[in-house]
Amino acid sequence: MKTIITLLVMLLSINLCKAQGATLTKDETLKYIGKKIDESKGYKDKDYITYLSIALGEANINFSKVVCPYRSSENKSPNNRANTSYVEHYYDFIFNPVFISSITNVYNADQNVSYVRLHFNSKTVKCNYYFKYWKEVQVYRMNYDSHDGAKSYEYDYVDIPYLTADPTNFDKIKKAFEHLKTLSKVEDDPFG
């Protein structure tokens, strides 16, 4: 009986050790990062940014964000009403975590949102940029004049938002991206 109890304790210990060493998959890791990004939604930083999503592509990560409408009063019309302009900026960053060279903290103590900055050795981050612009002219009625634009850029970094209120967020997200990089390397080149 004593031998059976000892054997059961050993088996439980081995299973516990295995459970503690278990790692998350790429998809689970990205869902965790997405959860951390979601915590920052609804909070404004100095640029009034609302964050949209982070998703796993075939080999890349897609991170999208939108800068909420920026309103600026321009020249006043003859009847003393201001003409107002609005701009919405949309960004879609596409990158492969294999190429992350370092991860730093862009801490904004006086803001609700700070950033995990992912650095890359070269400009391997693709950014599809799109904006909407419209002008509201108030004379006797509202007239809208609007136009759209789109461009593509390449960067050597990308900023991922996190809620500043939780001081452990940076370290958690950094570890998640390091894990994602390791998983991506193994997947990309299993013999490397």
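The largest nonpolar core of this structure has 23 residues, and the members that touch the most others are F95, L118, V158 and F177. The model is a predicted one. In soluble globular proteins, nonpolar side chains tend to be buried together.

**The core**
- Two or more core residues come from each of these elements: helix 2 (26-39), strand 2 (61-76), strand 3 (82-95), strand 4 (100-106), strand 5 (113-120), strand 6 (125-138), strand 8 (157-163) and helix 3 (169-188).
- The element that gives the most to this core is helix 3, which supplies five residues.
- F177 is in contact with I33, I54, F95, I100, I103, L118 and I160, if its neighbours within four places in sequence are left aside.

**Strands 4 and 5**
- Strand 4 pairs with strand 5 in the antiparallel sense, and the pairing runs over six bridges.
- The two strands, strand 4 and strand 5, form a hairpin, with six residues between them.
- Opposite S102 stands H119, which lies in strand 5.

**Helix 2**
- The buried residues of helix 2 include K26, T29, L30, I33, G34, K36 and I37.
- Viewed down the axis of helix 2, the buried residues fall within an arc of 160°, so they line one face of the helix.
- An α-helix has 3.6 residues a turn, so residues three or four places apart point the same way.
- Helix 2 has 14 residues, which at 1.5 Å a residue should span 20 Å; the C-alpha atoms at its ends are 20 Å apart, so the two values agree.

Key. Residues are numbered from 1 along each chain as its sequence is written. This is a predicted model: local features need pLDDT of at least 70, side-chain atom pairs count only at pLDDT 80 or more; totals for chains, interfaces and linings use all residues. Side-chain values use heavy atoms; hydrogens and water are left out. A nonpolar core is a set of buried Ala, Val, Leu, Ile, Met, Phe, Trp, Tyr and Cys residues joined through side-chain atoms within 4.5 Å. Buried means under 20% relative accessible area, exposed over 50%, partly exposed in between (1.4 Å probe, protein chains only). Helices (H or I, at least four residues) and strands (E, at least two) are DSSP runs, numbered from the N terminus. Contact means heavy atoms within 4.5 Å. Two strands pair if DSSP finds at least two bridges between them. The expected span of a helix is 1.5 Å times one less than its number of residues. The arc is that of the directions from the helix axis to the C-beta atoms.
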